[in-house]
Amino acid sequence: MTQLPPQPSTQNAGLTVSAAIGIVLAVFFAYLWLANRFPLPLTGDQKVYLSTALEMRERGSWLQPWLMGEPSYFKPPLQYWASLWSWGVFGLAWWSSVLPSFLAALGAGYFLRGIHLRFLPISSRSPAEERFSWLIPAALLACLGSAVFANVAQMETYLVFFHLAAWTAALRYLADPIRRSGPLFLAFGLAGVAALVKSPLYSVFWVVGYALYLVWMGEWREFLKARSWLALLFGILVGVAWFAWIYRIDADRFWSHYWLQETVSKQGGNQT
């Protein structure tokens, strides 16, 4: 008779959940303390991004980024939108400027936990194991690299968040015996939103990764379904909508800023 490995006790699992919550709260308050210790961003790029968001706030311009009195298209607007939202809710402060990326890091850990549980064998998915899995987002958030990137390289944190969210929705679709279209369209829509973080190229990477996963899992029929291609089209429309609108109203400057300077000729970051 095969003996199953011992499962964590309910009491220990409860302590683990409490420990995970304690880690998140400790990191959160340490995050706020560090944020208030630094009145200015720690990197040149962050100063550019926050200055752009501030000028958008002053002008009431949510779709068109501005910097030093001129339209600026070096980056898509998602990070600017996150800062504007946080300032609108919590007021203008350095800690509220980086709060959205902290929440994105926390959300990325949550989605990573869900992906872990989805690949865990059913025999191992006890209530205690699910409680212990809360250490995954706590550990991710407590990593020094996560804290640093959430403060000084917020765009990368947003990319991780949207890609993990997209994978969560895609795996939910594939695990559904009926395979309802909603999660699939949500997955491609989230991948499309990721294009507004830095570049549509990162959304292309997600789509390629998803296609390779389908091949690896033998899900060839998904390539023959109309819903798969419609979901892809939906994601493309989400991803390119802002770029198309900006190109329509300011084609020459957008082409010069985003494509020629930021994409083709970029030499190690913004030098503004």
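Ring pairs join Trp167, Phe188, Trp206, Tyr210, Tyr213 and Trp216 into one cluster. Welcome to this predicted model, whose secondary structure amounts to 12 helices and two strands. Below is a short tour, starting with the overall layout and moving on to individual residues.

**Overall layout**

- Reading from the N terminus, the order of elements is α-α-β-β-α-α-α-α-α-α-α-α-α-α.
- The protein has 272 residues, and 43% of them are buried.
- Take the contacts between residues at least 6 apart in sequence: 73% of these join residues at least 24 apart.

**Aromatic rings**

- In total, the structure holds 19 aromatic pairs.
- Tyr247 and Phe254 form an edge-to-face pair, because their ring planes stand at 85 degrees, over the 60 that this label requires; the ring centres are 6.3 Å apart.

**Arginines over rings**

- Arg59 places its charged end over the ring of Trp66, 3.9 Å from the ring centre.
- Arg179 lies over the face of Tyr173, and here the distance to the ring centre is 5.8 Å.

- You can find Trp62 in the loop that runs between α2 (44-59) and β1 (66-67).
- With a relative accessibility of 46%, Trp62 counts as partly exposed, because this value falls between the 20% and 50% cut-offs.
- Leaving aside residues up to four places away in sequence, Trp62 touches Met56, Trp81, Leu84 and Trp85.

**Where α3 meets α4**

- Helix α3 (residues 78-90) and helix α4 (residues 94-119) have axes that come within 8 Å and cross at roughly 120 degrees.
- This crossing of α3 and α4 is right-handed.
- On the α3 side, the contact is made by Ala82, Ser83, Trp85, Ser86, Trp87 and Phe90.
- On the α4 side, the residues are Trp95, Ser96, Ser97, Leu99, Pro100 and Leu103.
- Sorted by type, the residues of the contact between α3 and α4 comprise eight nonpolar, four polar and no charged.
- Trp85 of α3 takes part in this contact and is also among the residues touched by Trp62.

**His163 in helix α8**

- His163 belongs to helix α8 (residues 154-175).
- Its relative accessibility is 18%, so His163 counts as buried, the cut-off being under 20%.
- Not counting residues up to four places away in sequence, His163 touches Ala194, Tyr202 and Trp206.
- Trp206 is also a member of the ring cluster that opened this briefing.

- Most residues other than glycine have a negative phi.
- Met68 is not a glycine, yet it has a positive phi of about 55 degrees.
- Met68 is found in the loop between β1 and β2 (70-71), and it counts as exposed at 67% relative accessibility.
- Arg179 likewise has a positive phi, near 55 degrees, and is a residue other than glycine.
- Arg179 lies in the loop between α8 and α9 (181-194), where it is buried with a relative accessible area of 13%.

Methods
Residues are numbered from 1 along each chain as its sequence is written. This is a predicted model: local features need pLDDT of at least 70, side-chain atom pairs count only at pLDDT 80 or more; totals for chains, interfaces and linings use all residues. Side-chain values use heavy atoms; hydrogens and water are left out. Helices (H or I, at least four residues) and strands (E, at least two) are DSSP runs, numbered from the N terminus. Buried means under 20% relative accessible area, exposed over 50%, partly exposed in between (1.4 Å probe, protein chains only). Contact means heavy atoms within 4.5 Å. Rings of Phe, Tyr and Trp (its six-membered ring) pair if their centres lie within 6.5 Å; planes under 30 degrees apart count as stacked, over 60 as edge-to-face and the rest as tilted. A charge sits over a ring if NZ of Lys or CZ of Arg is within 6 Å of the ring centre and within 35 degrees of the ring normal. Axes are lines fitted to C-alpha atoms, for helices over the stretch in contact, and angles run from 0 to 180 degrees between N-to-C directions. A crossing is left-handed if the near helix is turned anticlockwise from the far one by less than a right angle, and right-handed if clockwise. Ala, Val, Leu, Ile, Met, Phe, Trp, Tyr, Cys and Pro count as nonpolar, Asp, Glu, Lys and Arg as charged, and the others, Gly among them, as polar.
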